[in-house]
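Please read them with the structure open.

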Amino acid sequence: MDLHFGDSKPTDEERAAVDALLGPPESSWEGADRTDADLRWARGGRAARDRRDLLLPGLHAVNDRIGWISEGALDYLCRRLTVPPAEAYGVATFYAMFSVRPRPATVLHVCTDLACTAAGAGDLCAGIEARLGPGSGVSVERSPCLGLCERAPAALAIRAGDPVRTAVSAPAAVEAAVLAASAPDAAPEEPPAVAAVPQAGDPSLLLRRVGVVDASSLDDYRAHGGYTALRRAFELGPAGVIREVTDSGLVGRGGAAFPTGRKWQATASQPDHPHYLVCNADESEPGTFKDRVLMEGDPYALVEAITIASYAISAHRAFVYIRGEYPRAVHRLQYAIDQARARGLLGDDILGQGYRLDIEIRRGAGAYICGEETALFNSIEGYRGEPRSKPPFPVEKGLFGKPTVENNVETLVNVLPILTMGAPAYAAIGTGRSTGPKLFCVSGSVERPGVYELPFGATLGELLELAGVREGLRAVLLGGAAGGFVRPDELGVPLTFEGTREAGTTLGSGVVMAFDDTVPLPRLLLRIAEFFRDESCGQCVPCRVGTVRQEEALRRIVERTGAGAADDIALLREVGRAMRDASICGLGQTAWNAVESAIDRLGAYE
Amino acid sequence: MTVTPLGIPRRLLEFTIDGEPARVPEGSTVLDACRAAGKDIPTLCEGDTLRPKNACRVCVVEVEGSRTLVPACSRRAEPGMEVRTDTERARHSRKIVLELLASSVDLSTTPKVAEWIKEYEAKPDRFGPGAARLHEEPKVDNELYVRDYDKCILCYKCVDACGDQWQNTFAISVAGRGFDARIAVEHEAPLTDSACVYCGNCIEVCPTGALSFRSEFDMRAAGTWDESRQSETTTVCAYCGVGCNLTLHVQDNEIVKVTSPHDNPVTHGNLCIKGRFGYQHVQNRG
Amino acid sequence: MRNRQPKTYTRLTRPLVRDSRDEPFREASWEEALDRAARGLDRHRGAFGMFSCARATNEMNYVAQKFARVVMGTNNVDSCNRTCHAPSVAGLSAAFGSGGGTSSYEEIEHTDVIVMWGSNARFAHPIFFQHALKGIRNGARMYAVDPRRTSTAEWAESWLGLNVGTDIPMAHAIGREIIHAGLVNEAFVERATSGFEEYRRLVEPWTLSLAEKVTGVPARAIRELAHAYARAERAQLCWTLGITEHHNGTDNVRALINLSLLTGHVGRYGSGLQPLRGQNNVQGGGDMGAIPNRLPGFQDILDADVRLKFESAWDTVIQPHYGLNLTEMFEAMEEGSLRAVYCIGENPAQSEADSEQAVRRLRALDFLVVQDIFLTKTAELADVVLPATAGWAETDGTTTNSERRVQRVRRAVTPPGEAREDIDIICELAARLGHDWKYADAQAVWNELRSVSPDHYGMTYERLAEHQGIQWPCPSTQRLEPTYLHGRLWEKDPERRGAAAPFGLVQHDPPVDLTDEEYPIRLTTGRRLDSYNTGVQSGGFASPLRRGEYVELCPEDAERYGVVVGEEVRVSSRRGSVVAPVWVDTALRPGLAFMTMHFPDEVDTNQLTIEANCPIAGTAEFKASAIRIEKLPAVTYVG
């Protein structure tokens, strides 16, 4: 491609960061010194253009090393990858965790989302800023949900360098957060994943190894039943695996509840190749943290589950897309993948069965929308994480335009018990239409926040009782920002996809957030509206402008009720209806859900 | 000898639009079918030379069995589909989309939008005086064309025309996110420091006048731009042997704008800098 | 800093005349100017030459050649076609009997391999390149053969940076490799070609390693291109002036055509040969007979039946021999056998190689009429200057593009002052010289052409509008022909297959202007994206890309000479010397420099180029001069 580059040059540091990822440049056309051979023959074309998917890792490489992405660094990365600088700039500015302007090497992300705000994030932010003062060398950024709701309020420090260093402070106090930012290496170790599992030690299917096994040890994993499901899969063959999964009644746990077996079958039967398996670990719905706990506490389970799913659909390359705010999950899972590869459980001849698979981790960089399945494809491919229009559906044209199965972490790990216990036994758990166990992320006004595993069909009240709901319950948010509120008198709702639907609400991804009557509801709704405005990708009009108008209206009525709010509520209804009906993807379609339920169910402005 | 491929013959498929039977060749969009049936569906981001982006959502229709409304511009017609173009639900979304756009963007040079606002009874003012707008100043950084992003509805057509669908120059992209997303060159540099080759193929597809010839921009500012006094004549460019068709827009015997027919087999509506802007020598009349 | 405001030209609005070349022009009435022009031409019957215009309409070219042949009784008619693509026409007609490109733009979107040879289409033919890009996006692999790594080459799978003027060794080595790898399309070669054995022997010495030595390109790269081209199911071979503007341009074209014959990449949909024309009507000017050896419809003057047809149509006698081409006319000026020229819309004083020599020859003419829209450098030398219209915007008619598509040109603006249409002016002169031609309009001219040219017969103005142009041949008013030429070569029936296409037995002949110690740098020339030829038209708009003329060097040479961007240096060849500022371009390599001819009023590049002409087509070797660069004692910067 005849790309245009400005005069900016990368620093040695920036060049080193990119070269560490891509290797040294092969010719002067890619940025090496000029040689006689370069001036007689140049290769390019398809092979050069096909490396676009390394753009996001490249931006991470620079951002991790320097803390921001300069013109020179971006140009150099573009030259290396044959990507137009304007497009790379569009990609870099899409993600909240990247900066194209100079900033301090250390960024402290302080969560100001629902659970954390309820736990005092506002005061925490102010305290941190006051304590750090100007010129502290730390940039404090208010962040959407960091997925640490069981330890709210939370803060994540990232210090650029080689290597990049991170530290989590949660529950965070001013001093601890400042320490994490100023000396990430000296910050106290995060509590283990099991600390987020109040039921630890109870019999369970999905969480049973968390806290029991050493998460880094493949041997430990094997000693606790690991890799028996994969052996079973090889016995069954790809079609047999799909049959088991179909018969188990497993449906997607990401919120859409699509039958997993059908998705696999539809992809497996596509004549177009290669097929891809994508694990969606971009767990960004405010209030959700179960995938993090699974990846941190039992990473080999996910590796094994991905291997089985890929085998079933004849994929030889799988991707795990993990949100950028989960450094420990990335680290644990990468280690597990490396171990599995070293032991022949990934690679060219898995378990001597002649099956070939490799798994690559791709890190998100702060964009809720990338959890949308097609936006996630674009993000991996090195484009802006904007959702695609469906149809065509991913099973037909997914990642790189090829047939793709995308499942979230929880869905995939359910495949292990399905294969080890058999579909009939698995299907006997839960209800007729929602089979198996379900993970719930309980946070807010409860004594024991964390991830809970219950068979489908338990009621909301039962779950809250387990978690120790506190006095003065005012509302429960199901499904996160994209979900809906229910009242304290609705705790009999059965926690199944069909049960919540019948009750006019949603299970979503399993968020259960309890709010007591000290939380000002209009402010909560405004925070939800701000979240959607911030996270809208901007592609379609209803969502791009609608989320702004929604936020404006909620801001106007934050102190009003009754007749004083009626006009704006009517306006919200009209805009909300169009967002739900006419937006491209689930983000815009659900951006009005929580607000609507608060008005209709909770009487928020009465 | 090989025979010239004339395109694989396409099957006809049958479905209904507003209860009336419709037959279109396989691969047609719902919009194609609606237009063939004489239904006027508003469109903004749809372009006859570009793949549908379905970003503006003003063309949404109802399709039986679909949870949400469906963009007519990109959804392929399917056998047995039941399409309804004029339901209250579809009209509501179109109205809101028009209100959202008109309340945030300067649509004063967008053709037909005033008609639609009337037809759908849209009231952009109802979001109040504090409603966020784009607030962009026109970027006048070269002699050939102007980028007035206060008029930009972010339809992506310029990006697609500059990018892999036609020009493959990739001078512009969408930068930023959400309401803050803007069409930009890298590092928001002036156009003259960018990869832009001034082919003007972005102007050709811009549906709102956000991108315009400098001549048009200046004449509008001076109040002399008058399309009713303009003639359009299609001729052939004289700058190389490719034979691009140019449509010269002439007002008072001055060429004020150059376009190219979108269905032309040579250009498909695209030109280069010389064809698009290189006409001034003819009217250096001393 | 030197002020580099490009010269802008103002339209001519009144005829200009003068009694002697020492006087300035004075404005005159049309009557006076036409009378003077007619008298001047009348005096030089038998020593007359006509420069027709590759930018004007087909109709104007038809009338201009008719003027030369009928009014002046000579076949001395030619156009600037000679300075660019005459070798393509000569080469293609020698192989296939017809001088047009064999494919259509749309076909390149559906081909498998694209070879761009000596062509920076990304800059020179941007909209053609969009079709090529569609092809690339559809999966075609592109190969670029060019001394410079141009914008075009940056899109290639593989760029082969050969030495200037080593195209034949490269082509022969590719041919030999195809033969040795067993990739020849034997059935096609057997049926549709002649001279294969001789060709095989001719290329046998051109091993990959010898080619590497001569061209500078690694043997592996040449081999890869050979295999990709030969193995492709469909392949397009495109070239521009990098092939034709050499002293052996026609040989270069033949060497490329050989590759298509070897592999059967011609005469099929998606497989063909595509010379990209530099001006809007280079193709049409030749088709209309504004060349010394062909009558309208590309019909051979030496064919008595053809002559008879035109003699009865025009009621005249046509000279049964070829006239002089542009290059030969200039030589005849030198000898004194050509004394008067009627030059329409051309600027040879700046566009010819070795422009000083061209100006000297034009000055020596007894009588020069120039008809143009501007007072060009050529017009400044004239006795009579006639203000004309801009063909593309101020007249009606047609032009023919590189894919042989005849398209309508329409009048959109009224010409300034007293400027008149070319056809009108020619007819006025013809009338004064005893030929009263009545053409109601351009369509009447076109219909006359249709009646004498079978290839154009089917193209009525109505049909041209309906189909947005029609490609020739179009013998029927009912039908359209395939988009590609020479499908006949694939016919099984020898009768229908027609004449076999001969392999061109051409030898490598290095550039005439050798580099040596005194002139160590190879200068090659080309176009930029936003400018055109001598810049008379393109200087009129304010391109943000334009930076004026520079001599472009590679970073290594700039360092060696101790010069920086913007610094003025002296550039000298064996013919002349200019001062130009330096630009540094990484697409060049040591020993290779690049200039354009877009800004002759700033830097007259053609003072450097060599008038070493292709003996077959007459095109000069613009692409290969030997120069030296000298740092100036007092450093001046331009910016």
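This is a predicted model: local features need pLDDT of at least 70, side-chain atom pairs count only at pLDDT 80 or more; totals for chains, interfaces and linings use all residues.

The points below go through the chains, their domains and their contacts.

1. Totals for chains, interfaces and linings use all residues.

2. **Chain C, overall.** Chain C holds 25 helices and 27 strands. Its C-alpha atoms fill a box of roughly 70 × 70 × 45 Å along the principal axes. Does the size fit a compact globule or depart from one? For 639 residues, such a globule would have a radius of gyration near 26 Å; chain C has 24 Å, so the two agree. Buried residues account for 64% of the chain. Contacts between residues at least 6 apart in sequence were also counted for chain C, and 75% of them join residues at least 24 apart.

3. **Chain C, domains.** The assignment gives domain 1 (30–81 + 280–471), domain 2 (86–276) and domain 3 (521–631). The C-alpha centres of domain 1 and domain 2 of chain C are 33 Å apart. Their contact takes 8 residues from domain 1 and 9 residues from domain 2. On the domain 1 side, the classes are 1 nonpolar, 5 polar and 2 charged.

4. **A strand pair in chain C.** Strand β9 (residues 235–239) of chain C runs parallel to β10(C), with 4 bridges between them. One bridge sets C:C238 against C:Q274 of β10(C).

5. **Chain B, overall.** Chain B has 7 helices and 12 strands. Its C-alpha box is roughly 70 × 65 × 40 Å along the principal axes. A compact globule of 286 residues would have a radius of gyration near 19 Å; chain B has 21 Å, and this counts as agreement. Of its residues, 54% are buried. Among contacts in chain B with a separation of 6 or more, 55% come from residues 24 or more positions apart.

6. **B:C196.** This residue sits in the loop between β8 (182–184) and α5 (201–205) of chain B. Is B:C196 buried or exposed? B:C196 has 26 C-beta neighbours inside 10 Å. The cut-off for buried is 20 or more, so B:C196 counts as buried. Leaving out residues up to four places away in sequence, B:C196 touches B:A171 and B:L191. B:P261 is 65 residues away along the chain, and its C-alpha atom is 22 Å from that of B:C196.

7. **The B–C interface.** Here 48 residues of chain B are in contact with 57 residues of chain C. Three elements of chain B give two or more residues to this side: β10 (230–236), β11 (245–251) and α7 (273–277). β10(B) gives the most, with 4 residues. By class, the chain B side has 24 nonpolar, 20 polar and 4 charged residues.

8. **The A–C interface.** How many residues of chain A are in contact with chain C? There are 10, and they meet 18 residues of chain C. Strand β1 (residues 41–43) of chain A gives the most to the chain A side, with 3 residues. That side has 4 nonpolar, 2 polar and 4 charged residues.

9. **Chain A, domains.** The assignment gives domain 1 (12–92), domain 2 (106–188), domain 3 (218–426), domain 4 (429–516) and domain 5 (521–600). The C-alpha centres of domain 3 and domain 4 of chain A lie 26 Å apart. Each of the two gives 18 residues to their contact. The domain 3 side has 7 nonpolar, 7 polar and 4 charged residues.

10. **Helix α22 of chain A.** This helix covers residues 541–556. At 1.5 Å a residue, its 16 residues should span 22 Å; the end C-alpha atoms are 22 Å apart, so the length agrees. α22(A) is mostly covered, with 14 of its 16 residues buried.

Conventions. Residues are numbered from 1 along each chain as its sequence is written. Chains are lettered from A and ligands numbered from 1 in the order in which they are written. Two strands pair if DSSP finds at least two bridges between them. A residue is buried if 20 or more other C-beta atoms lie within 10 Å of its own, exposed if 12 or fewer, and partly exposed in between; C-beta atoms are placed from the backbone. Two residues are in contact if their C-beta atoms, placed from the backbone, lie within 7 Å. The radius of gyration is taken over C-alpha atoms; the globule rule is 2.2 Å times the number of residues to the power 0.38. Ala, Val, Leu, Ile, Met, Phe, Trp, Tyr, Cys and Pro count as nonpolar, Asp, Glu, Lys and Arg as charged, and the others, Gly among them, as polar. Domain bounds come from an automatic or database domain assignment. The expected span of a helix is 1.5 Å times one less than its number of residues.
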